[in-house]
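Colleague: Could you walk me through how the helices sit against each other in this one? I'd like to go pair by pair and then look at some residues.

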Amino acid sequence: MNKIYNNLSIENLTKTEWFNQFDHNQKLEILRGLKENLDVSIYAKSDFDWRQMNEILEGLKNNIDVSIYAKKEFNDEQMNEIKIGLLQGLDVSIYAKEYFDNEQMEEIRNGLNDNLNVSLYAKPEYNYSQMNLIYLGLKSGLDVSVYAKPELTWEEMLEILNSSKIC
């Protein structure tokens with residue numbers, strides 16, 4: 001078996017105090033990375049749960065810059081949205097912000113994929129439902145300025161979107 005950090009084999013590393021600080025699932029993610037010759041030092045940290053570790057591991061396997069999302073401030077779902085955007089070649093800096101939840105990130109990512117002006121809704125004051133309605137309006141070529149107002153609920157936005165005023 002290949003030697004790894006500090007001349008320890010994987011087998012010997014699993015017997016260290018360092019390795020034993022992790023729970024079972026975290027250990028599995030570390031072992032997966034080691035077996036794939038990935039730099040597990042990026043995610044083998046107690047700050048990350050196993051799901052976060054998995055998202056980072058998958059990014060490493062795909063040769064993307066995981067430093068953008070390998071941060072404890074992002075949960076695994078946020079990490080996944082950022083990872084998907086990176087795999088799609090998008091400028092994730094627009095939504096790789098801890099104040100966006102994964103659903104908001106997805107709406108922004110969808111808009112970027114469709115080459116829409118996401119700056120109209122990539123704002124933390126919009127929830128994902130509001131973002132979705134603005135995204136749908138933009139995708140349909142509508143003037144979303146009529147309803148893209150954070151003070152409107154998504155239900156109010158939907159009513160305006162469905163009215164004959166802008167259709």
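Colleague: How do the axes of α6 and α7 cross, and within what distance do they come?

Modeller: In this predicted model, the axes of α6 and helix α7 (residues 128-139) come within 8 Å and cross at roughly 15°. Axes here are lines fitted to C-alpha atoms, for helices over the stretch in contact, with angles running from 0 to 180 degrees between N-to-C directions. The two helices α6 and α7 are therefore roughly parallel to each other, a label given to angles under 35 degrees, whereas over 145 counts as roughly antiparallel, 65 to 115 as roughly perpendicular and the rest as oblique.

Colleague: And which residues make that contact?

Modeller: On the α6 side they are Glu 103, Gln 104, Glu 107, Ile 108, Asn 110 and Gly 111, and on the α7 side Tyr 128, Met 131, Asn 132 and Tyr 135, where contact means heavy atoms within 4.5 Å. The crossing of α6 and α7 is left-handed, which is the term used if the near helix is turned anticlockwise from the far one by less than a right angle, right-handed being the clockwise case.

Colleague: Before we go on, how are the residues numbered, and what are the cut-offs on pLDDT?

Modeller: Residues are numbered from 1 along each chain as its sequence is written, and side-chain values use heavy atoms, with hydrogens and water left out. Because the model is predicted, local features need pLDDT of at least 70 and side-chain atom pairs count only at pLDDT 80 or more, while totals for chains, interfaces and linings use all residues. Helices are DSSP runs of H or I with at least four residues, strands are E runs of at least two, and both are numbered from the N terminus.

Colleague: OK, at what angle do α4 and α5 pack?

Modeller: The angle is about 15°, with the axes of α4 and α5 8 Å apart. That makes α4 roughly parallel to α5, and α4 passes α5 in a left-handed crossing. Arg 51, Gln 52, Glu 55, Ile 56, Glu 58 and Gly 59 of α4 make the contact with Asp 76, Met 79, Asn 80 and Lys 83 of α5.

Colleague: Let's stay with α4; how many of its residues are buried?

Modeller: Nine of the twelve are buried, so α4 is largely enclosed by the rest of the structure; buried means under 20% relative accessible area, exposed over 50% and partly exposed in between, with a 1.4 Å probe and protein chains only. Among the buried residues are Met 53, Asn 54, Ile 56, Leu 57 and Leu 60, and what covers the buried residues of α4 includes α3 (24-35) and α5 (76-87).

Colleague: What happens at the start of α4, and what follows the helix?

Modeller: At the start of α4, a side-chain oxygen of Asp 49 reaches to within 2.9 Å of the backbone nitrogen of Arg 51. After the helix comes Asn 63, whose phi is positive, near 55°.

Colleague: Is Gln 52 buried or exposed, and what is it in contact with?

Modeller: Gln 52 counts as buried, because its relative accessibility is 6%. Leaving aside neighbours within four places in sequence, Gln 52 is in contact with Asp 47, Lys 72, Phe 74, Asn 75, Asp 76 and Met 79.

Colleague: Switching to Leu 34, where does that residue sit?

Modeller: Leu 34 is placed in helix α3, and at 4% relative accessibility it counts as buried. Leu 34 and Ser 9 are 25 residues apart in sequence and 9.9 Å apart in space, C-alpha to C-alpha.

Key: Polar contact = N/O pair within 3.5 Å; in protein donor to acceptor, adjacent residues only side chain to side chain.
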